[in-house]
Amino acid sequence: MGSLGAILKHPVDIYPLLKLKMAAKHAEKQIPPEPHWAFCYSMLCRVSRSFALVIQQLDTELRNAVCIFYLVLRALDTVEDDTSIPTDVKVPILIAFHRHIYDHDWHFSCGTKEYKVLMDQFHNVSNAFLELGKGYQEAIEDITKRMGAGMAKFILKEVESIDDYDEYCHYVAGLVGLGLSKLFHASGLEDLAPDSLSNSMGLFLQKTNIIRDYLEDINEIPKSRMFWPREIWSKYVNKLEDLKYEENSVKAVQCLNDMVTNALIHMDDCLKYLSELRDPAIFRFCAIPQIMAIGTLALCHNNVNVFRGVVKMRRGLTAQVIHQTKTMDDVYGAFFDFSCMLKSKVDNSDPNAIKTLSRLEAAQKTCRESGALNKRKSYIIRNEPKYNSFLVSFC
């Protein structure tokens, strides 16, 4: 559960945290008996506890496909992220990865901790993959092939322009959105969503992660791999690492706000994608991460602590999002309130203030026009100073 101090400060978190703890125990009990499936679901819990909880929303057949899709792409990402692998070794593995998933015996030792276990015992993932339906296999293979090729491309080039940034995010996350839409369609539960909307779902999450993880990524050993586009950061500093130094705090925050504003452009597409989902379980599976993303952006905006440590939503608030997100009305309400929180933090002297406000107001207009905002109480209590506004409860 969350820390005692956080719980005492936010007693409304207690019930959702208890529900989250029970859900985590339930997820552990849901691990299948077959050794290869047991490995996959156990590994899912180890590499992403939050995803392991959210995936429980899905029925068994689709849950298995999404689990394997996630682990295949996590393994691919582990190869890409391991900066100790020489480029001439890494690139061919990335390009051929879609073929390795059909190989019962393939594995490649890289990564650290639980990721190394995943890579060393990847044959379990391959065995599970080969038991999926043909439609699921084809979707996973297609996305893995395209993602591996895109990752290989960006091993050999830097993210210079905003177009480069969007292209990189498409390869590593937009394709995840396309792949999930293909899996939903293969299940027979959803129509196939437009690629542009599926892509935006991935980009919104990926850009949020890239923003939030600045300090962790810049300090990575043996060498950093950064994806903040030069076209943005070069307006504020001479070198990307200069953003983490205190003497550059003002410019660093302005650059951060520029990055957040860039991410906000995907909000309307995300709302449209979610509004067109029919299956309640798939809806919750897709909606919860998007709410977490807008909440994280609201915390990161104008926040110099992004360059000092970890900025993330408290565990109790995460528990509330998971517990309370059930309908599109909940999504409109959460997006509206987190947008209000972010809007309250916009400094009118910021170089991107006008653009930031414009994008926030466009999303807020969509939320208002849904009619959902009249059906619930506001989630936000505004404290002084205005930068301390926070979401306290989902009513």
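Axes here are lines fitted to C-alpha atoms, for helices over the stretch in contact, and angles between N-to-C directions run from 0 to 180 degrees. Welcome to this predicted model, in which local features need pLDDT of at least 70, side-chain atom pairs count only at pLDDT 80 or more, and totals for chains, interfaces and linings use all residues. Residues are numbered from 1 along each chain as its sequence is written, and side-chain values use heavy atoms, with hydrogens and water left out.

**Overall picture**

- Of the 395 residues in the protein, 56% are buried. Buried means under 20% relative accessible area, exposed means over 50%, and partly exposed is in between (1.4 Å probe, protein chains only).
- Among contacts (heavy atoms within 4.5 Å) with a separation of 6 or more, 72% join residues 24 or more positions apart.

**Helices that pack together**

- Helix 5 (residues 60-81) and helix 7 (residues 113-120) pack at an angle of about 110°, and their axes are 10 Å apart. That makes helix 5 roughly perpendicular to helix 7.
- For such angles, under 35 degrees counts as roughly parallel, over 145 as roughly antiparallel, 65 to 115 as roughly perpendicular and the rest as oblique.
- The helix 5 and helix 7 crossing is left-handed, a term for a near helix turned anticlockwise from the far one by less than a right angle, with clockwise being right-handed.
- On the helix 5 side, Leu-71, Arg-74, Ala-75, Thr-78 and Val-79 meet Tyr-115, Leu-118 and Met-119 of helix 7.
- Helix 18 (residues 328-344) and helix 19 (residues 353-369) cross at roughly 155°, and their axes come within 9 Å. Helix 18 is therefore roughly antiparallel to helix 19.
- Helix 18 also passes helix 19 in a left-handed crossing. Residues that meet there include Tyr-332 and Phe-335 in helix 18, and Thr-356 and Leu-357 in helix 19.

**The nonpolar core**

- A nonpolar core is a set of buried Ala, Val, Leu, Ile, Met, Phe, Trp, Tyr and Cys residues joined through side-chain atoms within 4.5 Å. The largest one has 131 residues, and Leu-71, Phe-97, Leu-183, Tyr-214, Trp-228, Leu-274 and Phe-285 have the most contacts inside it.
- Beyond its neighbours within four places in sequence, Leu-183 is in contact with Leu-62, Ala-65, Val-66, Phe-69, Tyr-136, Ala-139 and Ile-140.

**Aromatic pairs**

- The structure holds 15 aromatic pairs. Rings of Phe, Tyr and Trp (its six-membered ring) pair if their centres lie within 6.5 Å; planes under 30 degrees apart count as stacked, over 60 as edge-to-face and the rest as tilted.
- Phe-154 and Tyr-168 have ring centres 5.5 Å apart and planes at 70°, so the pair is edge-to-face.
- Because Phe-154 lies in helix 9 (residues 134-155) and Tyr-168 in helix 10 (residues 162-186), the pair ties together parts that are 14 residues apart in sequence. Both Phe-154 and Tyr-168 are buried.
- Phe-51, Tyr-70, Phe-184 and Phe-285 are linked into a cluster by ring pairs.

**Single residues to look at**

- Thr-144 is found in helix 9 and is buried, with a relative accessible area of 0%. Leaving aside its neighbours within four places in sequence, Thr-144 touches Val-72, Leu-73, Leu-76, Phe-97 and His-98.
- Lys-113, in helix 7, is not a glycine but has a positive phi of about 50°. Lys-113 is exposed, with a relative accessible area of 68%.

Notes: Helix = DSSP H or I, 4+ residues; strand = E, 2+ residues; numbered from the N terminus.
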